[in-house]
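Hello,

Here is the structure for you to look through. My notes follow below it.

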Amino acid sequence: MLKKCLKNVLFWLIFLPLLYTLSGFIILPWWAQTKLPTLLKEKLGLSVSIEKVLFNPFTFELHVNNFALQDTTGSNVAALEHLYVNYEPTSLFKKEFFVKSLLVEKPFVDLKMDANGTLNLLTLFHTKNTSSETNTTANETLAMPFVIEHVEIQNGETLFSDERTKEPFKIALGPINYVVNNLSFYKDDLSIHALKVMLQNEEKISLASSASFEPLKFYGELTIQSLPLASFWKYTLSTIPATLSQGELSLKVPFSIDLSKKKPLVSFEKATASLDNIRFVDTEKKTVIEVPSLKLDTIDFDLQTSHISIEKATISKPFVDVTLEKEYALKLVRLFTPSSTPQATTKQEASTEWKFALKSLHVNQATVDIADQNVKTVIHLSPLNLTTQNITHDMNKSIAFDFNSTVDSTASLGLKGTFIPASISLDMLINANNLSFEKAQPYISAYTTTLIQDGALSLNAKLKASFNQQPTLKIEGDATISKFSLADQYKKSLVAWETLNVASVVYTLTPAALSIQNIMLDKPYINLDVKKDGTTNFANLLKAPPASSKTQKASSTQETMAIYIGNIVLKRGTTHFQDASLFLPFATFADQLNGSISTLDTKNTKPSLLKLEGKVDKYGYAKIEGSVLPFDFKNRAILKIIFKNIDMPSLTPYSGKFVGYAIKEGKLSMDLNYKIKKGLMEGANKINLDSLTLGDKIESKEASDLPLGLAIAILKDSKGQIDIDLPVSGDLNDPEFRYGSIVWRAFGNLIGGILTSPFKLLGSMLGIETENLKSIDFAAGEYAIIDSEEEKMGQYQQILEKRSELKLMITPSFNETLDTKALQEQNVTAQIEALIPKKSKEDDSYGKTIKKLYIQKYSDDAYSKLIKTYKEENLDVGVINDNLIAKIAEGITITPETLQALALKRSEAIIQNLITKHKIAPARLIKNEPQTSDAIRDEWVGCAISVSN
C-alpha cells in the first residue's frame with residue numbers, strides 16, 4: 001500500500017512538472033498561435049494573426065513575434081514585430097505584480113479617418129450591451145500593486161490619414177522610441193520616462209519626465225525641434241484662405257502636471273518657443289507674411305491661477321504685405337478669417353479670466369509694404385524696428401513703445417511713447433524726416449485737379465490724445481515743409497517754396513485752439529495765369545464733391561477755433577503773372593520779395609502789421625505796408641502800397657485792351673493808400689508816370705473812345721512827369737464790388753474831366769487863372785486883337801512852355817448875325833467916307849451923303865416918308881442918320897466867303913501874335929477850318945482855342 005502510494009506520488013511529481021513544462025513550452029504557444037485568433041474572431045470579431053509565440057514557464061519570459069490586428073480587407077491596422085515580457089512570479093509573495101522587463105519592437109499603428117469622421121481602429125471593436133449590474137470594484141484601488149521595472153518600445157511607427165479634407169491628410173511618425181523605468185503604481189513612486197519621436201528621418205519630439213500614478217503627477221521637459229507646420233496648418237485650419245507654405249516650430253517646455261487635485265495643476269516655467277521660416281501665402285501664392293525667426297523666451301504658465309507670462313518676444317526680419325482692398329478692407333483680415341464659421345453651442349460656460357503679460361516685444365529689421373488698391377499706391381517701410389514693453393491683460397496699464405522706420409528708402413519716421421488701451425489714450429513723441437508729399441497725391445485726386453510734384457515733411461512733435469467718451473487731442477512741436485511744388489493738371493506750376501518752417505505749434509481739440517509762434521517761408525513762388533477765356537489757373541482746382549445720400553448739417557453750437565500766430569516772415573519770394581486774354585500776351589514777374597506780418601490773434605483786437613517789399617521786373621520796386629485785422633479784414637484795414645519805376649511798355653497788352661494804344665516808353669510809380677472801416681473803402685491813389693509815350697493804335701472793342709494822347713499831353717509837364725491824384729471809394733459788403741472796375745471808372749472820370757475842361761485842369765496844375773482861355777474874343781466884324789485878350793496870350797505861352805507836348809488848336813470863327821450886321825454897317829460907313837470930299841467945306845456934307853445913298857438904294861419918295869416919320873417922333877439928327885445908315889446896311893449883301901475870310905483873318909491875327917510877341921513855334925499852333933460861333937453877350941465873337949497833342 002505504501003509502495004503504491006509512493007508510486008502515485010512519484011507519478012505526480014514527474015507528471016505535473018512534465019505537464020507544466022509541456023504546457024508552457026508547447027501547449028500555451030500552440031493555443032495562442034492557433035486558437036486565440038479564432039477565439040478573438042468569434043467573441044470580439046477581431047481579425048488577429050500571430051506568427052510565433054514562445055513562453056518559458058521557468059523564467060516566465062514571453063516572446064510574441066509578428067502580431068497583427070487586421071481590418072476587414074486584411075490590411076494591418078496594428079502590428080508589432082516582437083513582444084518580450086519578463087514576469088517575476090515570486091513577486092506574488094510580496095502581493096504585487098512585478099514585470100521585470102517589457103519590450104515592444106517595431107510596433108505599428110495605421111490610423112485612418114474616413115470621410116464620415118470614423119476612425120478605422122474603432123470600427124474593429126463591436127459595441128455590446130453592458131450588464132445591468134455595475135462593477136462595484138471598478139473605481140476601487142487595485143488589490144495588488146502593479147510594477148514594471150523596465151518598459152521599452154523600439155522603432156515604433158504610426159501612420160495617420162484623414163479623408164475629410166479636400167486633399168487627404170497623411171503623416172508618418174517614426175521611428176518612435178519610448179523607455180520607462182520603474183513603472184510603479186505604488187504611492188509616491190516615480191517612474192522615469194523618455195520618449196523620442198522622429199519625423200522625416202529627423203528627431204523632432206523628445207520627452208524626458210518622471211511620473212507617479214498615486215497620486216497622478218508628471219514632471220519633466222518636452223522638446224520639439226524644427227517640427228514642420230505647413231501640413232498641420234492645412235489640416236487643422238483648412239477653412240482659412242491664407243496658407244502656411246512653410247514654417248517650423250521648436251519648443252522646450254519644462255512642465256509640472258498634478259491631476260490628483262479636484263482642479264488640475266498644470267504649469268511650466270522658463271519655457272522657450274520659436275517659429276522659424278514662417279511664410280503665409282494668399283490664394284494666388286503671393287507671400288503676405290514672412291517671419292524668418294520668432295522667439296519667445298522665459299514662458300511661464302499656471303493653469304490654476306490662469307496666468308501666462310512671456311519675458312521676451314523677438315521677431316527678426318519679418319515681412320508683412322498690408323494690402324488695402326476695395327473700400328479699405330484689410331486683406332490680412334480676409335485671409336485669416338475662416339470661410340465657414342463654426343456654429344456656436346447653446347451651452348455657455350463661465351469663462352475664466354486669464355492673466356497675460358508680455359514684458360517686452362522686439363521687432364527687428366522688419367519690412368512692411370502698405371499697398372492701397374483704391375488709389376494704386378505703395379508705401380515701403382524698411383528697415384522697421386519696434387520695441388514694446390508691458391503688454392498685459394490689464395487694459396488700464398500703459399504699454400510703452402518705440403517705433404522707427406525708413407520710409408521709401410529716403411524718409412524716416414520715429415514714434416515713441418505710451419498707450420493705455422482702456423481709455424484709448426496715447427502719449428507719443430513724433431520724429432519724422434523727409435516724408436514725401438507725393439504719396440498724398442492719389443488721395444487728393446478725388447477732390448482736386450492739382451498735382452503735388454514735390455515736397456517733403458519733417459516733424460518733431462509731441463502728441464497727447466484720448467478717444468474715449470470725451471475725445472481730447474493736443475499736438476505741439478515744430479514742422480518743416482521743404483521743396484514743395486504744386487502744379488495744375490497740365491503740370492504747370494501753381495505754388496512752390498523752398499522751405500516753410502512752422503515753429504512752436506500747439507493745437508488742442510478741446511477747446512479748439514491753434515497757436516504758432518513763428519512761420520518762416522523761404523523762396524515762395526506763385527504763378528498766376530489768366531487764360532484766353534478770362535479764367536485763371538486757380539479756377540476749377542476743386543472737384544465737385546460726390547453726391548451724398550444724407551445731408552449733414554453743421555452744428556450751430558460748434559465752437560470757433562481760437563488762432564494765434566506770433567510772426568510770419570517771407571524771404572526771397574517770387575511771383576509770375578501772365579495774361580493770355582489780351583490781344584498781346586502779357587507776362588511779368590516780381591522777385592526778391594521780403595516781408596513780415598506781426599501777431600495774428602483771433603482773441604485780440606490789436607491790428608497786425610504788414611510789410612512786404614520786392615523787385616518788379618528788372619528794375620521796378622514794390623512795397624506794401626499796413627495794419628489789418630486779419631480775421632476781420634472788412635472791418636478795419638489800413639494799407640499803403642508803393643510801386644516805383646515799373647517799366648510801362650510791358651503794360652502794352654493792358655493799355656491796348658482798355659485804352660486802345662500801345663505804350664512806347666515810360667515808367668510807372670504809384671503811392672496807394674487805402675482805409676477800410678466797417679466794409680467801406682476810401683482810397684487815395686497818387687500816380688506818377690515818367691516819360692510816358694504812347695505807341696501805335698490798337699483796335700479793341702473794350703477800349704474807350706477817350707483821346708488818351710491829349711490827356712497825357714495835358715498832364716505831362718516839361719520834365720516828362722505826369723502826377724495824378726485818383727481818389728476811389730467802394731463798399732466791400734456789396735456783392736458786386738470789384739476793385740478793378742472802381743479804379744477804371746475813376747480813371748475814366750478823370751480823363752473825361754480833362755477833355756471837357758482842359759484849361760481848368762491846366763490852370764490848377766500851373767497855378768494860373770484859366771477861366772476865359774476857351775476863346776479869343778473879337779469885336780463884331782473886326783479881326784484885330786483887343787487889349788483885354790493880350791493877358792490870355794501870355795497864359796497860352798505859359799501853358800505851352802510847361803507842357804511841351806501840347807499844341808494850341810485855333811478855330812477861325814464868325815457869327816453870321818453879328819458879323820454880317822457889322823460888315824454891312826462897315827460897308828455903308830466906307831461908302832459915306834468915300835463920297836464925302838476930303839476937303840469939302842459944305843455944310844452937313846455927312847447928312848447929305850447919307851441922304852444920297854438912301855435915295856440911291858430906295859427912292860426919294862421912300863426917303864421923304866421915312867424922314868416925315870422920324871420928325872413926327874421928334875428924333876434928333878444924329879439918331880435919324882443912324883437909322884438911315886442901318887436901313888441902307890440892310891440892303892447890302894454879305895456873302896459866306898466874306899464871313900469865312902473874316903474868321904481866317906482873326907485866326908491869323910492870333911497866330912501872328914503868339915509867334916511874334918510870345919515866341920511860340922509855328923509848329924505848335926494848329927489852325928482848324930472856319931466855323932460859326934455863338935455871340936458873346938450879343939456883341940463879341942470868340943475864336944475857340946483848345947489844346948491838342
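**Salt bridges and a helix**

D819 counts as buried, at 0% relative accessibility (buried means under 20% relative accessible area, exposed over 50%, partly exposed in between, with a 1.4 Å probe and protein chains only). This is a predicted model: local features need pLDDT of at least 70, side-chain atom pairs count only at pLDDT 80 or more, and totals for chains, interfaces and linings use all residues. Residues are numbered from 1 along each chain as its sequence is written, and side-chain values use heavy atoms, leaving out hydrogens and water.

D819 meets R906 in a salt bridge, 2.7 Å from N to O (a side-chain nitrogen of Lys or Arg within 4 Å of a carboxyl oxygen of Asp or Glu). D819 is in helix α11 and R906 in helix α15 (residues 896–916), 87 residues apart. Helices (H or I, at least four residues) and strands (E, at least two) are DSSP runs, numbered from the N terminus. R906 is also buried, with a relative accessible area of 0%.

The structure holds 20 salt bridges. Another pairs K217 with D258, with the closest N and O atoms 3.9 Å apart. K217 lies in strand β10 and D258 in strand β11, so the pair ties together parts 41 residues apart in sequence. K217 is partly exposed at 22%. D258 is buried at 8%.

Now look at helix α14. Its buried residues are I880, N881, L884, I885, I888 and A889. Their cover includes α11, α12 and α13, judged by contact (heavy atoms within 4.5 Å).

Best wishes
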